Amino acid sequence: MDSSHFDDYRWLVSDEAIPILKETRESFKQRVNALSIAKRLRKTCSPSRSALLMEQAQLQIRAARKFELSDSMFFTRKGLEQASSWRIAEYKADRYAAFNRVADICCGIGGDLIALANQNSQGCTFGVDSDPLTCLFAEKNLVANDVNATILEEEVESLVDPNWDAIHVDPDRRVNGRTVVGNRFSPTLDAIHSKFGIDRAIGIKVAPATSKSNFVNPTMEREWIGDHRECKQQVIWTGELVRNPGCRTATYVGKRGVSRISVPEDETLTDYKLDSEFRRYIFEPHSSVLAAGLTDTLSRKYQIRRFAKQIVYLTGDEPISDPLLTQFEIIEVLPMDLRLTSRLLNALDVGEIEVKKRGVVNVVADRYSRMKLQGPNKATIILTRFGKSGVTLVTRRKGNSVGQSTPE
């Protein structure tokens, strides 16, 4: 990045630009035409600064899903995509509570760094990144969140390790397009282990689909973490940060609280039995459970069963309150017949549906999504397989009667 362009970024984070950025952001929120916003900005700003203002305003709006103080923070597109949400970052930061000198390597715009600095308010926290722009934004984001950390603009390879007590690493997984392969990250997993060792207290954030391969030994722990309905990241924990040595863990962190389940890496369940019928409830394991391969572990814990070998839905007679499971109460089981389903939904005054599917092609689900319905009520349609047949389950989510809104 040339110096003049970087000067524009410095201006973007200055007191002079803040009110203009705020006005631009509010215009986008009010759905003002982008061309009109650009014309207004160019009356007082250069074309390059106008473009930066418009881009940053849109990133701040998108960032509200991850950060409570997004309107006061600064983002790059890649930095926002890769940043941990505040809820997941705070959950991970709890593991670092016992350490005094903590570093966040490849800190980016500071998603995890902010949480680590907040957790380590009585100690010393360091953020390390090789990109000058993300370092600039990380510094501003620390101020916006009223926490302190030292930012170091350095390459990992040339970094002199000052014997930090614990380390968090978020290697770039978008160097040449997205990748889940550990030795295509920057730095690679091999390079991280070589630089810092495998016995140090380290948490390495990787893609949920990154395989175990040769990067994990029996003393480590792999944890898949998700919020809302998605698995957001996998973390490889080493040293004193490990809570369950040699285990894989699935964790939900969200509005419904925190829930996790762990099993030894080599544990496999081969003795589970399929249910011969649908019970009162259908349960969908959270995506972090699916990514960690712990569906049958959760099934055994709650004594609920799959009803098809390749389908991850579970069924049982009793309600279960666990954020790792989304619960649906079955209203009716129907063959996969659009007319029968439409007739039932109209009888129930259902006007809005969500359609979920497992083992069913998209084109079938799309037909159900396009049903013309009228009425005040809402329902969830689950399209799946039972034996050799397709079935339609008309259900309601846990905590909702037909007619109430579906929660996040």
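This is a predicted model: local features need pLDDT of at least 70, side-chain atom pairs count only at pLDDT 80 or more; totals for chains, interfaces and linings use all residues.
**Exercise 1.** How are helix α1 and helix α8 oriented relative to each other, and which residues make the contact?

*Solution.* 
- Step 1: Find the helices. α1 covers residues 3-12, and α8 covers residues 132-144.
- Step 2: Look at the axes. They come within 11 Å and cross at roughly 10°.
- Step 3: Apply the cut-off. Angles under 35 degrees count as roughly parallel, so α1 is roughly parallel to α8.
- Step 4: List the contact. α1 brings Phe6, Tyr9, Arg10 and Leu12, while α8 brings Pro132, Leu133, Leu136 and Phe137.
- Step 5: Sort by class. The contact has seven nonpolar residues, no polar ones and one charged residue.

**Exercise 2.** Describe the largest pocket: its volume, its lining and the element that gives the most.

*Solution.* 
- Step 1: The volume is about 680 Å³.
- Step 2: The lining has 26 residues. Nearest the centre lie Lys66, Glu81, Ala83, Arg174 and Lys232.
- Step 3: α5 (77-82), β5 (202-206) and β7 (230-238) each give two or more residues. β7 gives the most, with four.
- Step 4: By class, the lining has eight nonpolar, six polar and twelve charged residues.

**Exercise 3.** Do likewise for the second largest pocket.

*Solution.* 
- Step 1: This pocket has a volume of about 510 Å³.
- Step 2: It is lined by 30 residues, with Lys78, Cys106, Gly108, Asp129 and Asp172 nearest its centre.
- Step 3: Two or more residues come from each of α5, β1 (101-105), α7 (111-119) and β2 (124-129). α5 gives the most, with four.
- Step 4: Its lining divides into nine nonpolar, ten polar and eleven charged residues.

Methods. Residues are numbered from 1 along each chain as its sequence is written. Side-chain values use heavy atoms; hydrogens and water are left out. Axes are lines fitted to C-alpha atoms, for helices over the stretch in contact, and angles run from 0 to 180 degrees between N-to-C directions. Angles under 35 degrees count as roughly parallel, over 145 as roughly antiparallel, 65 to 115 as roughly perpendicular and the rest as oblique. Contact means heavy atoms within 4.5 Å. Ala, Val, Leu, Ile, Met, Phe, Trp, Tyr, Cys and Pro count as nonpolar, Asp, Glu, Lys and Arg as charged, and the others, Gly among them, as polar. On a 1 Å grid over the protein atoms alone, a cavity is a set of points where a 1.4 Å probe fits but cannot get out, and a pocket is an open set with protein on both sides within 12 Å along at least five of seven lines; lining residues have an atom within 4 Å of a point. Grid points are joined across faces, edges and corners, and a volume is the space filled by probe spheres set on the points.
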